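Reader: Could we go through how the parts of this protein are arranged and how they meet? Please keep to plain sentences.

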Amino acid sequence: MKHALITGITGQDGSYLAEFLLGKPDYTVHGLVRRSSTLNRQRIDHLTSDPELRERFHLHYADLADASSLAMLVETLQPDEVYNLGAQSHVRVSFDQPIYTADVVGTGTMRILEAVRHLNRTKAVRFYQASSSEMYGSAPPPQTMETPFHPRSPYACAKLYGHWQTVNYREAYGLFACSGILFNHESPRRGESFVTRKITLGATRIKEGLQKKLVMGNIDSKRDWGFAGDYVRAMWMMLQQDKPDDYIVATGETYTVRQFLEWTFGMLDLDYRDYVEFDPRYMRPSEVDVLLGDPSKAKAVLGWEPEVDIHGLIKMMVENDLEIARREKYAQGYQTV
Ligand code: NAP
Ligand code: GDP
């Protein structure tokens, strides 16, 4: 039995990764959760409530801001694989909370790396770091493994620190540590304040008459959007190689936020121009204009391929959010179809 520890298990990627690993009969999954006054475990409720997973799925309290809790957890669990997905992951919010973001995303990575380094003296551990395309920032597209980084937000700077520490722990201590430079990836479980989910939630609510307008920031920026379910597979593949290395995970296609709006509203027979308004509140002090990743190394070495394209992704998110909007409408006492 392999034991995997996942930080960020309650998040989008943590939930898909847990599902993916638990789909393999030889994995026990341990998730790190932090204490909150109300439970926020919706993304993993189906796993915690599955009686067949009772022996193979466990949650433990700790925090990336708390080194001793991480050291204790890693020492106690003796995991074979550690996936560090926990983060304050919102770029816009990182401008409001730069020091907190640096602590959790940057120093937090060091804290868990230290815990893993200590365990690695007596037991081989494999470590995955959730790095980000935001580290490329203003570097011109396409961004490849050779493109120099130029971060444009406190989040991106903190991620870059975590990335280089991961590389350094591999080079300095021989740790099996991989950094996955993942371009934006979305799903019906994406946080509601990221642009894709904000659009699919907004458009479906407009369709159901629950909302009149959708207020947006810069809709001319371009992103390389993939499906989170495809991307967690790449994380696991990295840790199954003979040698640790870093990889870009992306689709190799980029579209504007405007196109995402057009296709989402179009799928609902609506014209986004009738509903979208601009609010400078959603602009960032510095923007990342174009992200377009080159995933050729991940494809060649890992044999990784994405299975869902942008239109499949939008369809999946729209269907999910239409269902939510219809339930909300029903709960409000409207007549439903
Ligand atoms: P997410 O949905 O925002 O999830 C973040 C997770 O981190 C949540 O489980 C959150 O717990 C946890 N967390 C936050 N602060 C923590 C702390 N102090 N200690 C322990 N856990 C903490 O993010 P995601 O989209 O799944 O992304 C996963 C990782 O990949 C993140 O590191 C993100 O920065 C990175 N990444 C994401 C993308 C993308 O497009 N999604 C692209 C590149 C890199 P709570 O539920 O308690 O808040
Ligand atoms: P990011 O690439 O990690 O910053 O992911 P986001 O989904 O938060 O943002 C993607 C792009 O959408 C960025 O260029 C944002 O400036 C742009 N954008 C435009 N309007 C909005 C909005 O209302 N919310 C968010 N989150 N992003 C927006």
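Predicted model: local features only at pLDDT ≥ 70, side-chain atom pairs only at ≥ 80, totals over all residues.

Reader: Which residues make up domain 1 and domain 2?

Author: Domain 1 covers 2-187 + 225-249, and domain 2 covers 195-222 + 254-290 + 309-336.

Reader: What distance separates the centres of the two domains?

Author: Taken over C-alpha atoms, the centres of domain 1 and domain 2 are 28 Å apart.

Reader: And how many residues are in contact across the boundary?

Author: On the side of domain 1 there are 14, in contact with 19 residues of domain 2.

Reader: What area is buried there, and what do carbon and sulfur atoms give?

Author: About 1,400 Å² is buried between domain 1 and domain 2. Carbon and sulfur atoms give 64% of that area.

Reader: Which residues of domain 1 lose the most area to domain 2?

Author: They are Arg92, Arg152 and Trp225, which together account for 47% of what the domain 1 side buries.

Reader: Turning to polar terms, how many salt bridges and polar contacts are there between the domains?

Author: The count of salt bridges between domain 1 and domain 2 is zero. Five residue pairs, both at pLDDT 80 or more, are in polar contact across the interface.

Reader: Which secondary-structure elements supply the domain 1 side?

Author: Helix H4 (91-96) and strand S10 (226-227) each supply at least two residues that touch domain 2. The largest share, three residues, comes from H4.

Reader: How do the residues on that side divide into nonpolar, polar and charged?

Author: On the side of domain 1 that touches domain 2, five are nonpolar, five polar and four charged.

Terms used
Residues numbered from 1 in each chain as written. Chains lettered and ligands numbered in written order. Heavy atoms only, no water. Domains from an automatic or database assignment. Contact = heavy atoms within 4.5 Å. Buried area = accessible area lost by both parts, 1.4 Å probe. Salt bridge = Lys/Arg side-chain N within 4 Å of Asp/Glu carboxyl O. Polar contact = N/O pair within 3.5 Å; in protein donor to acceptor, adjacent residues only side chain to side chain. Helix = DSSP H or I, 4+ residues; strand = E, 2+ residues; numbered from the N terminus. Nonpolar A, V, L, I, M, F, W, Y, C, P; charged D, E, K, R; others polar.
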